[in-house]
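Thanks for coming, everyone. Let me put the chain on the screen and walk through its contacts.

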Amino acid sequence: MPTLTQGNIFEAAERTPMAVVFGHIGFNLMSVHWRAFAERRPKLSDLANPFRGRPRQPIEWGEERWLWMVPCTAADGMTEAEHEKALGEAVAWALQNGISSMVTNGATDESLDVRSKGARAEWLIAHASILEESQVIDVELISLSAVYVAMADAKDPER
């Protein structure tokens, strides 16, 4: 079972070797959190928008610390198949490079309506569980809105 948390994906990136970040830079909190994270890291100073500048490839921001940015927008979102492919690419690269744990925010916060967020969060929890079992990688799912925590609590109130 993946670890389910609430918070900022970039703060979570500091406690794990790899962060897979879904989203876009716009008039949103992702923009604010990205700027706060990037301005403290010289290796990221040239990336005003990492979703455009270096999408779907590893970005080393610190010693043995990596980001993998997956662009998606509120306008077009991502299908489960697209999401699975993007996450699969990142996990494959991580495993090839000896990385055994990662954090991801998944595509739930802005790309889906409220009703769909729950279904997507449930799918992501199940998919992350499969990745952990079959790929030998530890996964943390994090969301500013606490959607993963809420889904787990709804299924198991005594959790």
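Start at histidine 127. Leaving out residues up to four places away in sequence, histidine 127 touches Glu84 and Leu87. Contact here means heavy atoms within 4.5 Å. Histidine 127 sits in helix α5. Its relative accessibility is 10%, so histidine 127 counts as buried. On the terms: buried is under 20% relative accessible area, exposed is over 50%, and partly exposed is in between, with a 1.4 Å probe and protein chains only. Histidine 127 and glutamate 84 are 43 residues apart in sequence, yet 8.1 Å apart in space, C-alpha to C-alpha.

A word on the source. This is a predicted model, where local features need pLDDT of at least 70, side-chain atom pairs count only at pLDDT 80 or more, and totals for chains, interfaces and linings use all residues. Residues are numbered from 1 along each chain as its sequence is written, and side-chain values use heavy atoms, with hydrogens and water left out.

Now the overall layout. The chain has six helices and six strands. Both are DSSP runs numbered from the N terminus: helices are H or I with at least four residues, strands are E with at least two. From the N terminus, the order is β-α-β-α-α-β-β-α-β-α-β-α. The chain has 159 residues, and 50% of them count as buried. Take the contacts between residues at least 6 apart in sequence: 68% of them join residues at least 24 apart. The accessible surface is about 8100 Å², with 51% belonging to carbon and sulfur atoms. That area comes from the Shrake-Rupley method with a 1.4 Å probe; for residues, only the protein chains shown count as cover.

How many residues does the largest nonpolar core have? It has 32. A nonpolar core is a set of buried Ala, Val, Leu, Ile, Met, Phe, Trp, Tyr and Cys residues joined through side-chain atoms within 4.5 Å. The residues with the most contacts inside the largest core are Met18, Val20, Phe22, Met102, Leu141 and Tyr148. At least two residues of this core come from each of β2, β4, α4, α5 (114-135), β6 (138-143) and α6 (147-155). Look at valine 20. Beyond its neighbours within four places in sequence, valine 20 is in contact with Ile9, Trp68, Val70, Leu87, Ala90, Met102, Val103, Thr104 and Asn105. There is also a second, separate core of 19 residues, which includes Phe10, Val21, Trp34 and Phe37.

On to the aromatics. The count is six aromatic pairs. The rule takes rings of Phe, Tyr and Trp (its six-membered ring) with centres within 6.5 Å; planes under 30 degrees apart are stacked, over 60 edge-to-face, and the rest tilted. One of the pairs is tryptophan 68 with tryptophan 93: tilted, 6.1 Å centre to centre, 40 degrees between the planes. Tryptophan 68 is in strand β4 (residues 65-71) and tryptophan 93 in helix α4, so this pair ties together parts 25 residues apart in sequence. Both tryptophan 68 and tryptophan 93 are buried. Phe10, Trp34, Phe37 and Trp61 form one aromatic cluster. Arginine 41 lies over the face of phenylalanine 37, 4.0 Å from the ring centre. The cut-off for that: NZ of Lys or CZ of Arg within 6 Å of the ring centre and within 35 degrees of the ring normal.

Last, the charges. There are six salt bridges, each a side-chain nitrogen of Lys or Arg within 4 Å of a carboxyl oxygen of Asp or Glu. Arginine 40 pairs with glutamate 14, closest N and O atoms 3.3 Å apart. Arginine 40 is in the loop between α2 (29-38) and α3 (50-53), and glutamate 14 in the loop between α1 (9-13) and β2 (18-23), so the bridge ties together parts 26 residues apart in sequence. Glutamate 14 is partly exposed, at 35% relative accessible area. Glu14, Arg40 and Arg41 are linked in a network of salt bridges.

Glutamate 60 and lysine 43 form another salt bridge, at 3.9 Å, N to O. Glutamate 60 lies in strand β3 (residues 58-62) and lysine 43 in the loop between α2 and α3, so parts 17 residues apart in sequence are tied together.

Finally, glutamate 89 bridges to lysine 85, with the closest N and O atoms 3.7 Å apart. These two are four residues apart in helix α4 (residues 80-96), about one helical turn. Lysine 85 is exposed at 52%, while glutamate 89 is partly exposed at 30%.
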